[in-house]
Each structure stands twice: as structure tokens, then as C-alpha cells.
Amino acid sequence: MNEKKQLIEYAIQDIVEMISKDQNVEYDEAMNFFYESEIFDKLQDVETGLYRESSAYIYDLYKDELNFGHIVQTEI
């Protein structure tokens with residue numbers, strides 16, 4: 001696995017854990033929530049460079065997507 005993909009996987013694990021704790025849901029359910037998000041798709045696309053950001057930053061983007069129905073940051 002290359003370094004970029006590994007960073008993406010670590011971020012996904014962190015974010016799913018954050019979702020699970022914050023929303024008080026099982027890990028599997030949190031995975032489904034995140035996997036269905038637009039942020040997940042952007043994180044998987046190495047061209048966006050989102051994988052270089054902290055898990056906390058990406059999680060904040062995810063929460064914005066939940067609150068507003070779309071990604072708020074235009075640079076992604």
C-alpha cells in the first residue's frame with residue numbers, strides 16, 4: 001500500500017471512531033454514515049489533497065456536510 005492510501009485509511013479509521021463516539025452509534029453504523037458521505041469520496045480522491053489534512057479537520061468537514069447538506073469549503 002502506498003503512503004497516500006495508508007494516510008487515507010488512517011484518517012478513515014479516526015473519523016469513523018469520532019462519528020461512533022459523537023453520535024453514540026456502533027462502529028459499523030458509523031462506517032456506513034461516513035462511506036455514504038461526499039467527504040468520503042473527496043478523501044478517496046488523492047487529487048483533492050484532503051488526505052494531507054488532520055482527521056479532526058476532515059471530521060469537521062463531514063459535520064458541515066451533515067448540517068448543510070453539502071460541503072461548505074470551496075477549495076475541495
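Which residues does Ala 30 touch, not counting residues up to four places away in sequence? Let's start there, and keep in mind that what you're looking at is a predicted model. The answer is Val 16, Ile 19, Ser 20 and Val 25.

So where is Ala 30 in all this? If you'd like a distance to hold on to, take Ile 15: the C-alpha atoms of Ala 30 and Ile 15 are separated by 8.9 Å, and the two residues are 15 apart along the chain.

Okay, now the two helices themselves. The axes of helix 1 and helix 2 come within 8 Å of each other, and they cross at roughly 115°. That makes helix 1 roughly perpendicular to helix 2. As for handedness, helix 1 passes helix 2 in a right-handed crossing. Who makes the contact? On the helix 1 side we have Ile 12, Gln 13, Ile 15, Val 16, Glu 17, Ile 19, Ser 20 and Gln 23, and on the helix 2 side Tyr 27, Ala 30, Met 31, Phe 33, Phe 34 and Tyr 35. Sort the residues of that contact by type and you get 10 nonpolar, three polar and one charged.

Between those helices there's a loop, and Asn 24 is in the loop between helix 1 and helix 2. Is Asn 24 buried or exposed? Asn 24 counts as exposed, because its relative accessibility is 71%. Have a look at its backbone too: phi of Asn 24 is near 55°, which is a positive value in a residue other than glycine. For background, most residues other than glycine have a negative phi.

Right, let's step back to the core. The largest nonpolar core has 19 residues, and those with the most contacts inside it are Ile 12, Ile 15, Ile 19, Phe 34, Ile 39, Leu 43 and Ile 58. Which elements give two or more residues to this core? They're helix 1 (3–23), helix 2 (27–35), helix 3 (38–44) and helix 4 (55–68). Helix 1 brings the largest share, six residues.

One last stop, Leu 43, which is on that list of residues with the most contacts inside the core. Leaving out residues up to four places away in sequence, Leu 43 touches Ile 8, Ala 11, Ile 12, Ile 15, Phe 34, Leu 50, Tyr 51 and Ile 58. That's my tour, thanks everyone.

Technical notes. Residues numbered from 1 in each chain as written. Predicted model: local features only at pLDDT ≥ 70, side-chain atom pairs only at ≥ 80, totals over all residues. Heavy atoms only, no water. Core = buried A, V, L, I, M, F, W, Y, C linked by side-chain atoms within 4.5 Å. Buried < 20%, exposed > 50% of the residue type's maximum accessible area, 1.4 Å probe, protein only. Helix = DSSP H or I, 4+ residues; strand = E, 2+ residues; numbered from the N terminus. Contact = heavy atoms within 4.5 Å. Axes fitted to C-alpha atoms, helices over the stretch in contact; angles between N-to-C directions. Parallel < 35°, antiparallel > 145°, perpendicular 65-115°, else oblique. Left-handed = near helix turned anticlockwise from the far one by under 90°. Nonpolar A, V, L, I, M, F, W, Y, C, P; charged D, E, K, R; others polar.
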